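Here is a friendly walk through one protein model. Please keep the sequence and the 3D view open while you read.

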Amino acid sequence: MSDQADTRLFKGSILKVDDLASGWVETGEMTRTSGFGAPATEIPVSTAASTIDEFRLGLPDQGEATFEFFLDMDDDFQIEMETMRDNQETRTFKLVMPEGTKDTGTFSAFVVDAHIQGSHNGVYTMTLVLCVVSAVVWATT
């Protein structure tokens with residue numbers, strides 16, 4: 001368990017995708033992640049009688065999720081991401097974290113981008129950007 005209440009450790013986290021055939025393909029090559037949220041749309045509802053601009057909050061948006069990996073051209077998960085992008089597929093993902101009772105987030109997404117970058121005296125990385133198209137459901141593994 002982490003040292004502080006209500007915190008989670010990134011160490012040990014795994015991202016999985018349903019391969020639509022034999023089950024889940026996973027990767028442990030992640031080095032960084034962010035996302036799972038975007039501002040909801042503000043819907044203008046001002047009328048001629050309004051004295052200030054009025055808005056209503058629109059539907060929540062899960063936005064995009066970004067994951068950075070060490071590039072491994074033989075990693076089954078990274079190969080699966082290329083296949084998804086090429087075929088414009090939406091699939092189910094699971095993000096499994098190492099601690100807590102609700103340690104698994106399940107969501108549907110498609111690949112927006114998977115770009116490769118490298119630098120002098122460094123290793124190549126791949127940054128995967130997923131567009132999340134469903135609510136993220138947190139549950140116990």
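The sections below go through salt bridges, strand pairing, the surface and a few backbone angles.

## About the model

What you are looking at is a predicted model. Keep that in mind as you follow the side chains and distances below.

## Salt bridges around Arg91

How far apart are the closest N and O atoms in its salt bridge with Glu80? The answer is 2.6 Å. Arg91 lies in strand β7 (residues 90-96) while Glu80 belongs to helix α1 (residues 76-87), so this pair ties together parts that are 11 residues apart in sequence. Glu80 is also buried, its relative accessible area being 15%.

Together, Glu80, Glu89 and Arg91 make up a network of salt bridges.

## A salt bridge between helix and strand

The count for the model is four salt bridges. One of them brings together the side chains of Asp113 and Arg85, with 3.9 Å from N to O. Because Asp113 lies in strand β8 (residues 104-117) and Arg85 in helix α1, the pair ties together parts that are 28 residues apart in sequence.

Are these two residues buried or partly exposed? Asp113 counts as partly exposed at 29% relative accessibility, and Arg85 counts as partly exposed at 29% as well.

## What surrounds Arg91

Let us return to Arg91 and look at its other neighbours. Leaving aside residues within four places in sequence, its contacts include Val17, Asp18, Asp19 and Leu20. Others among them are Glu80, Thr83 and Met84, along with Phe107, Ser108 and Ala109. Leu20 is 71 residues away from Arg91 along the chain, yet their C-alpha atoms are separated by 8.2 Å.

## How the strands pair

Which strands does β7 pair with? Strand β1 (residues 14-18) pairs with β7 in the antiparallel sense over four bridges, and β8 pairs with β7 in the antiparallel sense over seven bridges. To find these pairings in the 3D view, look for Val17, which stands opposite Phe93 in β7. For the pairing with β8, find Thr92, whose bridge partner there is Ser108.

Strand β1 is also joined to β2 by four bridges, and these two strands run antiparallel. Lys16 has Glu26 in β2 as its bridge partner. The hairpin of β1 and β2 has five residues between the strands, and within this hairpin Leu20 takes a positive phi near 65°.

Strand β2 (residues 24-27) has two faces: Val25 and Thr27 make up the covered one, whereas Trp24 and Glu26 make up the uncovered one.

## Ser13, ahead of β1

Ser13 is found in the segment before β1. Which residues does Ser13 touch, not counting those up to four places away in sequence? They are Met30, Val96, Met97 and Pro98. Ser13 is buried, with a relative accessible area of 8%.

## A nonpolar patch on the surface

Now turn to the outside of the model. Met73, Ile116 and Tyr124 make a nonpolar surface patch of about 360 Å². Tyr124 belongs to the loop between β8 and β9 (125-132), and at 54% relative accessibility this tyrosine counts as exposed.

## Positive phi angles in two loops

Most residues other than glycine have a negative phi. Gln88 has a positive phi near 55° and is placed in the loop between α1 and β7. Gln88 is exposed, with a relative accessible area of 73%.

What is the phi of Asn121? The value is near 60°, which is positive in a residue other than glycine. Asn121 is located in the loop between β8 and β9, and with a relative accessible area of 75% this asparagine is exposed.

Terms used
Residues numbered from 1 in each chain as written. Predicted model: local features only at pLDDT ≥ 70, side-chain atom pairs only at ≥ 80, totals over all residues. Heavy atoms only, no water. Buried < 20%, exposed > 50% of the residue type's maximum accessible area, 1.4 Å probe, protein only. Patch = residues over 30% accessible without salt bridge, like charges linked within 9 Å, V, L, I, M, F, W, Y side chains within 5 Å. Areas by Shrake-Rupley, 256 points an atom, 1.4 Å probe, with all protein chains shown as cover. Contact = heavy atoms within 4.5 Å. Pairing = 2+ DSSP bridges.
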